[in-house]
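Trainee: Could we go through this model and ask what stands behind each label? I'd like to set the values against the cut-offs.

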Amino acid sequence: MKRLKKTPIVIATTNPGKLAQFADLFAKLTDRYDIVSLKDVKYKKAIIENGKTFKQNSLIKARTVSKALKCIAIADDSGLCINSLHGWPGVYSARVTGDHEAKRIDVIKCVLEKIKKKSHKAIFVCVMSCVFPNGKVITTKGVLKGKISDRFFNLYGGLTYDPIFIPKGFTQTMSMLTDKEKNAISHRGIAARKLIFKFNKYIGKLQDNK
């Protein structure tokens, strides 16, 4: 297990890229807490995300980890919701093609090509949950409005659907933005800032009651 000098906050992920993103988003907490992943704490049990909403899935992950490790745990569930597809893929965003992440965009492209519309409005949604060892739950939501790019064949790298999503007010896709620009406007960034505010408020109340 990774040696920790501060109280750990366990992010319910084994993905180093996602952990790095969370570390950036929660940088304001790192003076008091160590932001670590499931891999860092040697947690290997599978977590079944069988919720029907982003909130349910984020809570399943955070509660499972917090209960098992008796720690503060944070988890998120996020996805792309396309208006013309009635919110699909939504909570199934990461499971559209199973583990074949590279093919997800191809699936979206094929589905949208069958719909005779020039523009497809969409939103990125992120619900973030924090569960404390005492059972206290904090949940926040971030939404980023935008549209699907029609340049499916000129894709740039990025996380999942970033290469085809153009945020409202921008001409570039999410994957073409810098990490700083992305964190400032992203659905995950919005949810994280709300969570930090509620987190600090709750910690403050606990300290006042001592």
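Mentor: Below, we take the labels one by one, keeping in mind that this is a predicted model.

Trainee: Let's start with the layout. What is the order of the elements from the N terminus on?

Mentor: The protein has five helices and six strands, and they run β-α-β-α-β-α-β-β-β-α-α.

Trainee: How do you know whether the radius of gyration agrees with a compact globule?

Mentor: Set the value against the rule: a compact globule of 210 residues would come near 17 Å, and the protein has 18 Å, so the two agree. The C-alpha trace spans about 60 × 35 × 30 Å along its principal axes.

Trainee: And how much of the protein is buried?

Mentor: Buried residues make up 46% of the 210. As for contacts with a separation of 6 or more, 63% are between residues 24 or more positions apart.

Trainee: Why is Ser186 called buried?

Mentor: The cut-off for buried is under 20% relative accessible area. Ser186 has 4%, so it counts as buried. This serine is in the loop between α4 (179-185) and α5. Leaving aside neighbours within four places in sequence, Ser186 is in contact with Leu144 and Met174.

Trainee: Which residues form an edge-to-face pair, and why is the pair called that?

Mentor: They are Tyr33 and Phe199, with 5.4 Å from centre to centre and 85 degrees between the planes. Rings pair if their centres lie within 6.5 Å, and planes over 60 degrees apart count as edge-to-face, so both tests are passed. Tyr33 lies in strand β2 (residues 33-37) and Phe199 in helix α5 (residues 187-208), so the pair ties together parts that are 166 residues apart in sequence. Both Tyr33 and Phe199 are buried.

Trainee: Now the backbone. How do you know that the bond from Trp88 to Pro89 is cis?

Mentor: Look at omega: for the peptide bond from Trp88 to Pro89 the angle is near 5 degrees, and the bond is cis. Pro89 lies in the loop between β3 (72-82) and α3 (104-113).

Trainee: What is the phi of Lys42, and is this lysine buried or exposed?

Mentor: Lys42 has a positive phi of about 60 degrees although it is not a glycine. At 53% relative accessibility against a cut-off of over 50%, Lys42 counts as exposed. Its place is the loop between β2 and α2 (54-69).

Trainee: And what about Lys70?

Mentor: Lys70 has a positive phi too, about 55 degrees, and is not a glycine. Lys70 is found in the loop between α2 and β3, and at 67% relative accessibility it counts as exposed.

Trainee: Last one: how many side chains are positive and how many negative?

Mentor: There are 41 positive and 16 negative side chains, with the centres of the two sets 6 Å apart. The accessible surface comes to about 12,200 Å², and carbon and sulfur atoms account for 53% of that.

Notes
Residues numbered from 1 in each chain as written. Predicted model: local features only at pLDDT ≥ 70, side-chain atom pairs only at ≥ 80, totals over all residues. Heavy atoms only, no water. Helix = DSSP H or I, 4+ residues; strand = E, 2+ residues; numbered from the N terminus. Rg over C-alpha atoms; globule rule 2.2 N^0.38 Å. Buried < 20%, exposed > 50% of the residue type's maximum accessible area, 1.4 Å probe, protein only. Contact = heavy atoms within 4.5 Å. Areas by Shrake-Rupley, 256 points an atom, 1.4 Å probe, with all protein chains shown as cover. Lys, Arg positive; Asp, Glu negative; His and termini not counted. Charge placed at Lys NZ, Arg CZ, Asp CG, Glu CD. Phe/Tyr/Trp six-rings, centres within 6.5 Å; stacked < 30°, edge-to-face > 60°.
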